[in-house]
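User: Could you walk me through how some of the labels for this structure are reached? I would like each term set against its definition.

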4 protein chains.
Amino acid sequence: MAEIGVGMLGYAFMGKAHSNAFKKIVYMTWPPPLEPRLVGIAGRDEAAVGEAATRYGYEYATSDWRKLVEDDSIGLFDNGGPNSLHAEPTIAAAQAGKHVICEKPLGRDADESYAIWQAVAATGVKHLCAFNYRFVPAIRLAREMIDAGELGEIRHFRGRYLQDWADDPSLDTWRFAPDDAGSGALGDIGTHVIDLARFLNGEIATVSGFAKTFVEGRKVDDAIEAAVEFENGSVGTIEGTRLALGRRNAFQWEINGSKGSLAFDMERLNELQVFRDDGDRARGFKTVLVSETDHPFWEHWWPPGHIIGWGDTFVHELHHMLEAIASDTDIAPYGATFEDGYRAGEVADAIVRSGQTGRRETVSYRSS
Amino acid sequence: MAEIGVGMLGYAFMGKAHSNAFKKIVYMTWPPPLEPRLVGIAGRDEAAVGEAATRYGYEYATSDWRKLVEDDSIGLFDNGGPNSLHAEPTIAAAQAGKHVICEKPLGRDADESYAIWQAVAATGVKHLCAFNYRFVPAIRLAREMIDAGELGEIRHFRGRYLQDWADDPSLDTWRFAPDDAGSGALGDIGTHVIDLARFLNGEIATVSGFAKTFVEGRKVDDAIEAAVEFENGSVGTIEGTRLALGRRNAFQWEINGSKGSLAFDMERLNELQVFRDDGDRARGFKTVLVSETDHPFWEHWWPPGHIIGWGDTFVHELHHMLEAIASDTDIAPYGATFEDGYRAGEVADAIVRSGQTGRRETVSYRSS
Amino acid sequence: MAEIGVGMLGYAFMGKAHSNAFKKIVYMTWPPPLEPRLVGIAGRDEAAVGEAATRYGYEYATSDWRKLVEDDSIGLFDNGGPNSLHAEPTIAAAQAGKHVICEKPLGRDADESYAIWQAVAATGVKHLCAFNYRFVPAIRLAREMIDAGELGEIRHFRGRYLQDWADDPSLDTWRFAPDDAGSGALGDIGTHVIDLARFLNGEIATVSGFAKTFVEGRKVDDAIEAAVEFENGSVGTIEGTRLALGRRNAFQWEINGSKGSLAFDMERLNELQVFRDDGDRARGFKTVLVSETDHPFWEHWWPPGHIIGWGDTFVHELHHMLEAIASDTDIAPYGATFEDGYRAGEVADAIVRSGQTGRRETVSYRSS
Amino acid sequence: MAEIGVGMLGYAFMGKAHSNAFKKIVYMTWPPPLEPRLVGIAGRDEAAVGEAATRYGYEYATSDWRKLVEDDSIGLFDNGGPNSLHAEPTIAAAQAGKHVICEKPLGRDADESYAIWQAVAATGVKHLCAFNYRFVPAIRLAREMIDAGELGEIRHFRGRYLQDWADDPSLDTWRFAPDDAGSGALGDIGTHVIDLARFLNGEIATVSGFAKTFVEGRKVDDAIEAAVEFENGSVGTIEGTRLALGRRNAFQWEINGSKGSLAFDMERLNELQVFRDDGDRARGFKTVLVSETDHPFWEHWWPPGHIIGWGDTFVHELHHMLEAIASDTDIAPYGATFEDGYRAGEVADAIVRSGQTGRRETVSYRSS
């Protein structure tokens, strides 16, 4: 089986999630498109990255990501580092001819995201912005149903990503440092909502909203709120907060169309709520356990009803990337490219701008 | 037992709901504060209003609401007519010394609502704007918990009222006629969201949003979307639509505070979702069946767990009005006064204005 | 409109529920089949029954139920008294030519139930055993779906009625007195499960189970457990307990057939869970809010989605009785006759017997 | 890091589940107690087992399980073969000094299970019967809460395992062959219910029930139903069926105690429903997302709210086995030993016996 050398930047949350996925792809998606060989892993803390290399089976650890870029045995560079480390290493890796994966948000704002996209696109490598929720089976099923016209004309998309871990002024992480993170809830979870809004319902035309900081002394936003209009004429809301007590990872969205509706909650990521206006006297939303043999990604897993976990979404995502590399197929439309990463950044910036100007802001995208 | 004569304007949906409540108050809320005597009912269709009088036991029917206003045996005038019939009859009844109930929205816009409020307040009668959802036990419980500080400092209110009956261009009702209704989803269900937002979380400071019409040829809005800021510093969204397929009467809201959260869905109106940040290892939202002996309004009903219906919220509401009349107590804060009706109108107007100007609109209230 | 005089025995829980229903029938089910005139109400506590007469509008109160039996203006005798007062008054009323309603359980055991049924049937009056849950819209819809073959061949019925109010040794009510009640959870809630099992799935052939008392000193059972076989070949369980902490009125059942399944919980009595094996890729249980214009009983109520309460099931039940009287139609199959009351008693007795003998007991019914 | 050689019997459903777990343990449970080295895998179909070896990374494949038993580099024999292949290979492996894991049911009936247990226990190796649901975080949390007395005295356990895949007479698998499987739903899913009943609530004293076959020509049972009494005085039901349409993997159970209740559904395996009778006015079941840092097994995974999948329960289970081997600690009480496997068999046999004799059957256990 053909293999591809992987260089990983970051060994913490995303490093763990991606490494696990590369290891599972080998045997859960059988046969895998390419066999990932875990070559090198980079991180700032030498002891920690060394332990990570041992743990996940990378051939070496380094505190200098440039070593990965220069390593010819690496064909795929996976950037799971803090947002401030997205641009330079990712661009360098692409320019060294490596295919690249970069965690979201692509850059710390639209400008940086645009620069990354442009620089990487110019190299011709495959690029994937790791909006992993596109690879939740229920969400792919939703996309397929919408594409097939099963919802008719869309009227509403409302999405909110609710977490509650940030309600502590003493918390200290790079996620609260403007230089490292760029923004707070906006970039961290707001961009997930924006990306799925675009994935499921197309481009956002205008936003009317704002970002908000609650915790004293915090330098990034805790929450965003926006009323939005889509290019297809539908309307709705986009929200994100890390201060919704009791909601741990509640990325909830609902879409209403002229023929049906869908609803979803990431805390029950194996389920899709489906309403069809089919004239059945027994009218209501179905709770669909998305785990049937004819459901997306399910050929890799278990008998129906035996649910998968959050970590498994990365298996699907990285499998998609490997398939694209192996067969030279497109990342889009099911995967998010760096252009998608950039576009999410434009919408995010527009929300901030709307908060500052007090105006409804039109989203406009720069061309490639 | 002291009685009070009731004159009812309207015999359809709201006429039925209010008449049923007056009849049940007599024996379900025992002893009732006042015994309502159903004196007269008015409506435009003579045959229909005559049948309604027979059906509900009114002493007479009339096609001229002025007859009710002139009837000295009537001490309480209840206006359940179309929005265009709110102002004149309600003001006339109050000026004739009758206590008045008026369905929401109070007027077709803030100006009309203000005029009604001012004219009626000047008479000194009791006035209640029939935002009946304040009288859902779960919602009163929510209010009591918030008042007691059980949620701490509030960060978010997000409310959406989703229905789906209006997705048919051929539908014809006064609710789609601008002159009769004033607005569409905005006045009909959007004002319910606005009122509960104010009831549970205080005044709204700014709105950024718009109204939207989907159905071709329809002259009123089908949906509203807004991002909002409250005077207490919390933020959130307000939405209303009559085109959310599969949602029949889904008035859903969630409040997040620094100590806990609450969530609700009118399709399960007997339940309140309660999260307390109490350090219990078993952390999560409780599904509280609001039907305990120490829960609001439950002294009138059944053993715990034996749920009540939507229609029963009017029993609580009209009981509150009768109690206020009998004991000369205030409608506020648990009941909505005409001032509340007016204030909901100001917020509604601000959403429309925001849609037109493309600006975040500040809500400002005229004084009494 | 033709009227019928009603005599009520009992003024507490069931007296309130039935009186409320008679009053609402007059205007909620329009036009009513017969107008109930509340003539007399009987109860042991003179002061209490007197107040009940005033409250509900009965023309007189009495502490001697025989007065109701002798009152020629009474055409319908409604027995909501303790179980020990079911037999004699009900039989006497029937023999005096009055139609009779009797609360469940019909008698304190199968023998007594049989005697009541036989004596009353001999008189030719209409008789209804008040298993009100047959008149929950979701349950009637279930029955209609099953009758129409929408579930195919039935394989399973499992029903459990869970309450938690009885977990207090100091509680004192007639429901714990063997002479008054006959049994504990068995007659009180177990018979509801048995009746719906029969209503939805036909006769029970065998039971293997027992009754169980937990609370020290209590003289009636707290719970029943049984594995059952039905005559149609399906199998399942029947359970009832008043010691399931956290369950207030959780009468839950599920039916599985070869074409679909249904599930229900009385704490959400407006909802029916419906699964159809229809080949839809979106496979799952629908949450059907049983409140559509083409749903059972809904012609009496509100627009779709505006739910009804537990108390409203009695409106449907007593309306059914009045309709049967007015039009001389059958109580069966949608209403429970005294024969149904007796048959529930036979199954209940068989569970007790199984507990005593340690054997699977065959249910056999005496003929009429 | 110390390693242990693993020999696997079976390459299909359970072979995949266990192999995946061994591979994930190495890096998800860091540092692992022992590093599993995948030495050999055995199965009847030479081509298939050869591909499985490649896929999962076993050093060799064989169609003769004896080769694994004779391989001195294998220290842990994991039997995921059909039930008829449990006894001989497992005993042989243990007698060769290898620690053993055997899938459930341990044997095809209590006699065979007893023989396996006795033979293996005599060798002194560690033995684990793979009732993996003990290793669901929510179920371990339940056990810990019960052990800590948080539920008080237990009154009820009711468990039912509902699947629907077997409703097709043309299906052909070893699971329908009496010689291969021993029984149908009973051994396959009924024993899971029995094991968790014992795990959470202690020994079962009596069973009153039966097994039932629906599908024509099928030689094993499709369903079991039983009313049960536990040694601690609590009572309840045990059910299992593979014909409950719409239920894919719905292993549901509920426990009611004098201080609280718990409820669970395997289709939402990350959630535990918790009721505490703590006097809070907001009374109800909590939906606990069992994914907090202080929840069982969660040290291995993700931030709170990022749920795990069914397959991950095996990671916990096999980690427990490796820990027991590495530290010479007991499999019990959190893991199921072969004695637990045997005891589940006794209860299962008693249900069959009860069906045959028509009597309540006492469960009695043979001593070790």
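Analyst: Happy to. The expected span of a helix is 1.5 Å times one less than its number of residues, and helices (H or I, at least four residues) and strands (E, at least two) are DSSP runs, numbered from the N terminus. This is a predicted model, in which local features need pLDDT of at least 70 and side-chain atom pairs count only at pLDDT 80 or more, while totals for chains, interfaces and linings use all residues. Residues are numbered from 1 along each chain as its sequence is written, and chains are lettered from A and ligands numbered from 1 in the order in which they are written.

User: How do you know that the span of helix α9 of chain B agrees with its number of residues?

Analyst: Helix α9 of chain B (residues 312-327) has 16 residues and should span 22 Å; its end C-alpha atoms are 23 Å apart, which agrees. Just after α9(B), B:Asp328 takes a positive phi of about 50 degrees.

User: What makes α9(B) mostly covered?

Analyst: A residue is buried if 20 or more other C-beta atoms lie within 10 Å of its own, exposed if 12 or fewer, and partly exposed in between, with C-beta atoms placed from the backbone. In α9(B), 13 of the 16 residues are buried, hence the label.

User: Why is strand β14 of chain C called largely enclosed?

Analyst: Six of the six residues of β14(C), residues 284-289, are buried, so the rest of the structure largely encloses this strand.

User: What makes β14(C) a paired strand, and which strands are its partners?

Analyst: Two strands pair if DSSP finds at least two bridges between them. With β14 of chain A (residues 284-289), β14(C) has five bridges in the antiparallel sense, and A:Lys286 stands opposite C:Lys286 there. With β13 of chain C (residues 271-276), β14(C) has four bridges, also antiparallel; here C:Gln273 stands opposite C:Thr287. Both pairings therefore meet the definition.

User: How do you know which residues of the two domains of chain A are in contact?

Analyst: Domain bounds come from an automatic or database domain assignment, which divides chain A into domain 1 (3-132) and domain 2 (135-336 + 343-357). Two residues are in contact if their C-beta atoms, placed from the backbone, lie within 7 Å. By that test, 35 residues of domain 1 of chain A touch 32 residues of domain 2 of chain A. On the domain 1 side, α1(A) gives the most, with eight residues.
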